Amino acid sequence: MVELLDVKDYAQQIAEAIATVVKIDIEIADHNLIRIAGTGKYHKGVGQSMDRQGYVYQEVLRTGHQFIIETPGQHPLCAPCKARGNCSESYEVVSPINVDGKAVGAIGLICFTEAQAKLVEENQHSYLIFLTKMAETIALKLKEQEFLAGLVSSNHYLNSIIDCLDEGLLTADLTGNILHFNQSAQRLFSANLLTPGSNLSSLFTAQIVSDILKVGKNADEVVEREVHIETKKNRVQMVLRALPIDGEDGIKGIAVILRPFDEISQIVTRLSQQNAGYTIQDILGTSEAMCEIRERAKVIAGGKSTVLIRGESGTGKEMLARAIHNLSPRHQGMFMAINCTAIPEALLESELFGYEDGAFTGARKGGKIGKIELANKGTLFLDEIGDMPLFLQAKILRVLQERQVERIGGITPTTVDVRVIAATHRNLEEMMAKGEFREDLYYRINVIPMLIKPLRERKEDLTTLCEHFIQVYNQQLNKNVQFLSDGFRQRLRDYSWPGNVRELQNILEYAMSLTEDSTLTEDHLSPRLKQSEKSEDLDGFNLENIERETILRCLRTSEDSVRGKERAAKALGIGMATLYRKLARYNIQ
């Protein structure tokens, strides 16, 4: 809190001004009875205590009211004073200096001659008003000083907060001249580039500066751009965000926020990833094959080598990839999954590698970051890599060999630190023989091979999987299923499971949706399992025949349309891309 001592120079000026006008000495004391201003004989005593003689001042500070002492040295308030009866003062008027209803000091007008005393006594009312106004003037100065001190403190506090931000923050006027910057921004740029009064053009390209200045013309405009900044140490990829600073009369300036791209990726990872919490323990199954998968995953998770997961559709290849990622030192980074079948070939390259501004007709302004860059310091999962076009296989090979990615239309490669996990259901060896898959890429991704066996080859896992899915759907569907009938179990064991674990999940969801009891029976099975024959009645059928017949049954029960095929794919527990691939394979129209 500001005190009278903090405005002593101003108080001295007031005292001298009053003394000059009225030809009478003035002294001013604070609430501790320290004389902070004085004229005449009191000038030498400025800074000294008045506690042994300022008895009138004590009373004024206590009551907050004016006092007039017509007979100094004889007044009852003067009783404790050593100069009582021999006082040199002949008349005294003291007025409190009140701030917010509290006396913080006192100002006194002291007469030493009979002429001065007579003058004040005859014009007492005018002198009281005058002294009151002077006290108010000092009080106003004190309030002003408090306000300015508050502004300085608030400004310091706000600057401290701004300097605590990890993001770089700049403010500029509407012509691009820099007004302010925080410590994070200062660390990004060299001292000769970033100074108050320098221009944004010394920091960014002409196009970026032009985009930033557009914000100053439209209060609703916000600009977000990816920029590369040459810092004191290296080249840093940042996300720039520019927004207007509004004032009472319109836009007063522009704020530019710079955030490291890696931090954006981490936030996106935490907020947007679904099923990102998979662990090795979520890879269910008691079979020897699944136990080996879990143990191998634990061993390889800490490394950087590329992993190739092989297995049929629905066996859980992506779940295993996510579990490896979450067990690895990269778990804070992004797990970026790309399905090489689901994305059209024309778009796959731009999705993987991104593109620069104006790289091709229809390219988004400002360019686009590719999935590989997004996965920096994380894991890139290339699902169904066997369906990747040959020309992209060459580019992926370069990423794996040189750890660099170059955007479409770009000229400067960006170094990336990603671990690649690939997956496929296809026979890559046969594809290599036919020239459909690059041999050099095969050996690059097949560093650590992992095979997830189909469900029909590990039916001992059915019990564990059923228990898990029943528990899940009891919660989701508000059911209370506890048991499976012998007939239900036998049907599951007899079935060939072309859709693997995904199909089993769909079968159980279907059955639990129909039941109101605690036991699932054959009546709750989907039509395709009810119609399926036991394995001993299928002699002469190989697995491909079984799969083909199962697909045909599902298609017969669905309408001949895209929607019908979507329902068939869902019933089979496979994706649309997988269904179309199987239709072509078995020549089903």
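A search of the whole structure finds one cavity of 30 Å³ or more, where a cavity is a set of points, on a 1 Å grid over the protein atoms alone, at which a 1.4 Å probe fits but cannot get out. This is a predicted model, in which local features need pLDDT of at least 70 and side-chain atom pairs count only at pLDDT 80 or more, while totals for chains, interfaces and linings use all residues. Residues are numbered from 1 along each chain as its sequence is written, and side-chain values use heavy atoms, with hydrogens and water left out.

The largest cavity has a volume of about 40 Å³, the volume being the space filled by probe spheres set on the grid points, which are joined across faces, edges and corners. Its lining, meaning residues with an atom within 4 Å of a point, consists of P498, G499, E547, I551, L572, I574 and K582.

An open sheet of five strands has the order β12-β15-β18-β11-β19, with parallel pairing; strands are DSSP runs of E of at least two residues, numbered from the N terminus, and two of them pair if DSSP finds at least two bridges between them. Because β12 and β19 each have a single partner strand, one side of each is left without a neighbour in the sheet.

| Edge strand | Residues |
|---|---|
| β12 | 335–339 |
| β19 | 448–451 |

Within this sheet, β15 (residues 379–383) and β18 (residues 419–424) run parallel and are joined by four bridges, and T379 has R419 as its bridge partner in β18.

Definitions and conventions
On a 1 Å grid over the protein atoms alone, a cavity is a set of points where a 1.4 Å probe fits but cannot get out, and a pocket is an open set with protein on both sides within 12 Å along at least five of seven lines; lining residues have an atom within 4 Å of a point.
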